[in-house]
Amino acid sequence: MEIPVLKQNNYLIASIQAALCDGDLIALREKLVNLVTKNRSSGVILDVSGLDVMDSFSARIMRDITHMIRLRGSRSVIVGIQPAVAFSMVQLGLTLHGVPTALDLEEGLAYLDSGPAPPP
Amino acid sequence: MTMKRTAQRRVAADIATGPAGVKPHHADVLRELVAHLRDNRDSLCEEWMRRINSAQFLASMSVEEIQAECWSVYDNYLGTLETGSLEALESYAHDLSERIIPRSVETQEVVGIVLLLRDVLARSLFSEYRQDENTLTRILDAYEPAANRIANTVAVGFVEERERIIRHQQEAIGELSTPVLPVRKRLLILPIVGIIDPQRAHQLTEQLLHGIRNNRAKVVVMDLTGVPEVDAAVANHLVQTVEAARLVGADVIVTGVAPEIAQTLVTIGVDLGKMRTIGDLQGGIEEAERLLGYMVTPIDQSTK
Amino acid sequence: MDAKQLQRKLQVTIKSVPDIVTARQQGRHMALQLGFSETEATIIATVISEFARNIVIYARAGEITLKHINNSNREGIVLIAKDNGPGITDMERAMMGGYSTSGGLGLGLSGARHIVDEFDIKSDLGAGTTVMATKWLN
């Protein structure tokens with residue numbers, strides 16, 4: 001099942017649903033990297049509000065996507081992690097350290113709009 | 001007629017089963033004794049209420065209330081003897097318990113009054129059937145296991161209802177003691193007071209995460225001023241709470257961390273550099289506002 | 001509620017990646033029905049996902065079973081992941097975090113061990129692996 005990627009302003013938005021397979025996620029990773037390069041997008045939003053479970057594999061792919069996009073000079077943010085999923089993740093030790101997160105699409109856009117954070 | 005009898009026999013066997021095993025002829029006997037107990041309903045109920053009074057049970061209820069409940073219990077008692085269905089009795093016991101528990105009725109009272117009823121009815125059966133020893137034996141053989149089942153079911157139903165209420169109250173207390181307070185726009189304050197056990201920590205995390213979503217919070221100030229100490233397990237829970245909140249989309253500032261708690265956090269390997277801690281609640285709120293103020297204003301449009 | 005209609009057992013054959021999703025979605029549904037909270041059902045589904053993934057990566061085929069247990073003391077759910085794969089060569093390392101030689105990132109056993117109430121694993125070289133995890137209803 002292919003994951004749709006939308007374009008909004010200079011950003012890309014990917015909505016990840018529950019019934020996705022590993023192959024779909026890997027394909028998404030490739031697709032996003034290509035699209036970011038092609039469109040010179042400055043930001044990517046990964047919307048996981050439809051994801052019922054984030055296991056070690058999905059967490060790894062999310063992290064991969066974030067890193068690869070960063071290597072392309074772009075930023076990314078994961079939005080919509082549900083409370084139950086967040087709770088399970090931390091208990092399983094999947095903290096996604098270093099990966100930016102935001103509440104939802106609106107917050108994700110605001111995050112990307114606000115530009116890179118200045119040094120502390 | 002034959003079909004009905006067989007069905008009744010099978011159903012009465014439900015409660016006639018005791019250590020002595022199923023007795024197929026109990027159904028007829030039960031019907032007979034129930035008829036007798038029904039005929040003498042008024043006098044037996046009076047006698048029962050008299051005994052309840054002298055045992056000083058249900059002292060917290062009025063005479064009218066006791067009467068109403070007694071009639072109702074009596075009828076249900078006989079109904080159960082007749083049909084053998086414990087299911088109906090179970091749900092009646094739960095309803096009854098729900099009514100009388102708020103009236104401060106104790107378990108011993110409930111068990112006591114059911115046993116008194118059992119005795120009153122037994123005596124009545126005894127005096128009615130004592131002329132013929134065989135008949136009396138048959139009557140009691142049918143009555144005793146049934147009556148004991150009933151007493152057991154009512155007592156257990158009462159205790160289960162009490163436990164359910166206590167659990168419910170504990171949850172409510174738990175929720176009250178860790179309120180999530182929306183203070184300013186996008187800012188939540190979570191003041192934690194008292195000793196936290198793993199269950200409370202769990203509840204705290206859930207409330208916070210849902211609170212973040214419902215209030216669309218970007219920053220949470222979690223204040224531990226009112227927490228005297230935590231053990232390693234709970235400290236771990238607190239760290240997980242901070243991490244989970246971040247995943248949902250909010251930053252957590254921890255304030256009011258006593259030196260002992262800081263020590264525990266370090267001992268379990270928490271990198272305090274990673275966790276944002278500020279001395280007191282006031283300082284935490286100021287830092288939060290600074291964070292929010294910064295986030296709301298785009299720094300430089302040209303970086304897009 | 002008629003207790004007899006509750007699903008008390010679930011068995012899913014795991015042969016390929018889509019089965020992971022099937023197993024965890026059905027497992028989550030069963031957990032919710034049995035009275036587990038949203039969070040607990042998600043934890044159970046996540047553990048199912050990890051175990052099922054291990055089967056796919058390391059053993060090619062296996063089975064996930066979920067059973068409702070209800071004894072006099074307490075009530076809960078048992079998750080059993082069984083396969084006839086090659087077995088785990090280095091158990092100690094497998095139970096530590098981050099063990100993965102296949103790149104597909106499975107195992108997650110160390111994490112799973114801490115989020116369930118009871119955990120047991122048996123693995124013999126050439127004879128397969130059985131993982132058992134229990135979560136009690138509060």
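This is a predicted model: local features need pLDDT of at least 70, side-chain atom pairs count only at pLDDT 80 or more; totals for chains, interfaces and linings use all residues.

Trainee: Which strand does S2 of chain B join, and by how many bridges?
Mentor: Strand S2 (residues 187-193) of chain B runs parallel to S3(B), with six bridges between them. Helices (H or I, at least four residues) and strands (E, at least two) are DSSP runs, numbered from the N terminus. Two strands pair if DSSP finds at least two bridges between them.

Trainee: And what does S3(B) pair with over five bridges?
Mentor: Strand S4 (residues 251-255) of chain B, also in the parallel sense. Val220(B) is the bridge partner of Leu188(B), and Val220(B) stands opposite Val252(B) in S4(B).

Trainee: Why is S3(B) called largely enclosed?
Mentor: Six of the eight residues of S3(B), residues 219-226, are buried, so the rest of the structure largely encloses it. Buried means 20 or more other C-beta atoms within 10 Å of a residue's own, exposed means 12 or fewer, and partly exposed is in between, with C-beta atoms placed from the backbone.

Trainee: Switching to helices. Which residues of H5(B) are buried?
Mentor: Leu89(B), Tyr92(B), Ala93(B), Leu96(B), Ser97(B) and Ile100(B). They cover an arc of only 135 degrees around the axis, which puts them on the same side of H5(B). The arc is that of the directions from the helix axis to the C-beta atoms.

Trainee: What is exposed on the other side of H5(B)?
Mentor: Glu87(B) and Ser91(B) are exposed there.

Trainee: How many residues does each chain bring to the contact?
Mentor: Chain B gives 19 residues and chain A gives 21 residues. Residues are in contact if their C-beta atoms, placed from the backbone, lie within 7 Å.

Trainee: Where does the largest share of chain B's side come from?
Mentor: From H9(B), with six residues.

Trainee: Last topic: what is the strand order in the sheet of chain A?
Mentor: The order is S1-S2-S3-S4-S5, five strands in an open sheet with mixed pairing. Strand S1 (5-8) and strand S5 (101-102) of chain A are the edge strands, each pairing on one side only.

Definitions and conventions. Residues are numbered from 1 along each chain as its sequence is written. Chains are lettered from A and ligands numbered from 1 in the order in which they are written. Two residues are in contact if their C-beta atoms, placed from the backbone, lie within 7 Å.
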